[in-house]
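Here's a quick question-and-answer walk through a protein structure.

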Amino acid sequence: MNALSPTPSRAYDLNFARYVYENIDGGERLRMCMQCGACSGSCPIGQQMDHGPRKLFMMIRAGMKEAVLTSNTIWNCVSCYNCVVRCPRKVPITYILHDLANLAVREGFDAAKKADNARFAKAFMWSARKYGRTDERLVTGIYYFSFGLVEGMKRGMGNQKIALNMIKTKRMHLGMPHAIKAKDELQKILAKAQEIQDRHGKGA
Amino acid sequence: MSRTLTYYPGCSSQASAVHLDKSLRAILPPLGVQLRDIDDWNCCGASVGHIEAGHLANSALSARNLANAKAAGPEDVVTPCAACYLNTHYVNESIRGSEQLKGDLNEALGVVGKSYDGSLHVRHICELLVTDVGLDAIKAQVKKPLTGLKVAGYVGCQTVRPFANTERANKFDSYDDPTFLDDFTQACGAEALPFKMRTHCCGGSVSVMSPDKGLHLIKELLEEAQKLGADVISTPCPLCQTNVEMYQPEINKRFGTSFNIPVVFYSQLMAVAFGLDPVKDAGLDQNIIKSDKLLGM
Ligand code: SF4
Ligand code: SF4
Ligand code: SF4
Ligand code: SF4
């Protein structure tokens, strides 16, 4: 891991805001945030967020790096874009939250290992990388078992009826995962993209 | 007049949303649109790829698809999946707007001898139906009007919202009050109910990941549809269809409700209204909750 945000071990980091403005996808527009709260007010999942986007953005300005990257706000966002279309300053809030989540993953915060969304993202990308396609069965299976065997069984059982319904209606197949032909090619492209990303410490 | 467009079906077309893919492939040719699939297309990363892979690697997924699309021709890329549209359009527009991103992605594509110049246009199939095909052409194909069928049109969030209010908006992107779905319903001869929650979020993949956090969102949608006396809920979004349909038993168990409302794709309604085969073309056998009323039409 390289080129990550400054001094990852400190709870407060006054350079964090600048890091976010310069490195997080869409972060430069965050400078324009006027703390109006339209984002948090329109969030359907706001009740399940510890801070909500408005407050999170204030915390970024205050340099509260650790609190930001361990906040469940970055994990609970369901990408509905309610906030983005309402923001008077056109801050690309959803993209920023996703990229902050990615930063939390790269910096290895514990919360980023435990979050449902992070586990799911990991299972999802595993399938996308390996097969070039997402196999809904494998993704949910791997996701469930990321909680351990017992919890995985429990969650799997809870969804048995759903799976059965999907099989009956031929919306879940029983054979090998669907895969693209040029798996190698895709893996090479992704590896190179990852390398470039690490080189800059950000995407673009 | 017939035209060929490049088609990005998305992973859900082979799994939970086969009936969307099937019904689209049935209704588009009569409307003068031929689909040519992107060669060996890959997953777009949906809304979580970014979190695990990062911005550039996630964008590289769409870049490969776009490179393959461009290699086949300059025609517009159309996709029926909200998340596929979001990712592919976003990456395409970002490539057009940033020389650096374009350079980085081409460096990645270059390792396998591919490239992409950002010259394509990515569109949602619903937008194609509204702006290119047009409602009149749709009406002209209706042989069996769905008279008396009460439809709650559920647009969901990602189909029209992400680019509304931005310089990347396609003409049809809007978030306040999209009417296209109701227009489709009416074009099929059915009744479009005033479903106020049309752009509310269903929670997306949260219902799979953490049902405790998301199922109440679906419950609220179902409540409103039930109050209006909906025979079916119609939606353009693969994940919405699956979510709103599949979790009804679980929601009933958790909240003591008794929902049993069929959830179909707009394209399934069109296939039936066009007089096509309800099973082979509309894929109505692939809905978990069957609509007897629709099957009997
Ligand atoms: S809506 Fe925009 S300007 Fe208002 S607080 Fe949220 S991000 Fe800031
Ligand atoms: S995109 Fe995320 S943060 Fe924004 S309103 Fe939706 S759930 Fe909330
Ligand atoms: S958004 Fe969903 S359907 Fe579209 S490619 Fe990605 S995983 Fe597949
Ligand atoms: S599945 Fe739900 S969350 Fe995703 S686009 Fe559709 S409505 Fe929005």
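A residue counts as near a molecule if one of its heavy atoms lies within 4 Å of it. This is a predicted model, where local features need pLDDT of at least 70 and side-chain atom pairs count only at pLDDT 80 or more, while totals for chains, interfaces and linings use all residues. Residues are numbered from 1 along each chain as its sequence is written, chains are lettered from A and ligands numbered from 1 in the order in which they are written, and side-chain values use heavy atoms, with hydrogens and water left out.

Q: What makes the site around ligand 3 a shared one?
A: Look at who passes the distance test. Chain A brings A:Phe124 and A:Thr134 to ligand 3, and chain B brings residues including B:Tyr8, B:Cys11, B:Cys43 and B:Cys84. Both chains A and B surround the ligand, so the site is shared between them.

Q: How do you know which classes the residues around ligand 3 belong to?
A: You sort them by name: Ala, Val, Leu, Ile, Met, Phe, Trp, Tyr, Cys and Pro are nonpolar, Asp, Glu, Lys and Arg are charged, and the others, Gly among them, are polar. That sorting gives 9 nonpolar, 3 polar and no charged residues around ligand 3.

Q: What surrounds ligand 2, and which classes turn up there?
A: There are 13 residues around ligand 2, and the closest are A:Cys43, A:Cys77, A:Cys80, A:Tyr81 and A:Cys83. By class, the ligand 2 shell has 10 nonpolar, 3 polar and no charged residues. Helices α6 (82–86) and α7 (93–106) of chain A each supply at least two of the shell's residues; a helix here is a DSSP run of H or I with at least four residues, a strand is a run of E with at least two, and both are numbered from the N terminus.

Q: How do you know how many residues of chains A and B are in contact?
A: Contact means heavy atoms within 4.5 Å. By that rule, 65 residues of chain A are in contact with 69 residues of chain B.

Q: What area do chain A and chain B bury between them?
A: The size of an interface is often given as the accessible area lost when the parts come together. Buried area is worked out with a 1.4 Å probe and summed over both parts. For chains A and B, that comes to about 6,000 Å², 60% of it on carbon and sulfur atoms. On chain A's side, A:Val85, A:Arg133 and A:Arg171 supply 12% of the buried area, more than any other three residues.

Q: What makes B:Lys114 and A:Glu185 a link between two chains?
A: Their closest N and O atoms are 3.5 Å apart, which makes a salt bridge. B:Lys114 sits in the loop between α5 (99–110) and β4 of chain B, and A:Glu185 sits in helix α13 of chain A, so the pair joins two chains.

Notes
Buried area is the accessible area (1.4 Å probe) that two parts lose on being put together, summed over both. A salt bridge is a side-chain nitrogen of Lys or Arg within 4 Å of a carboxyl oxygen of Asp or Glu.
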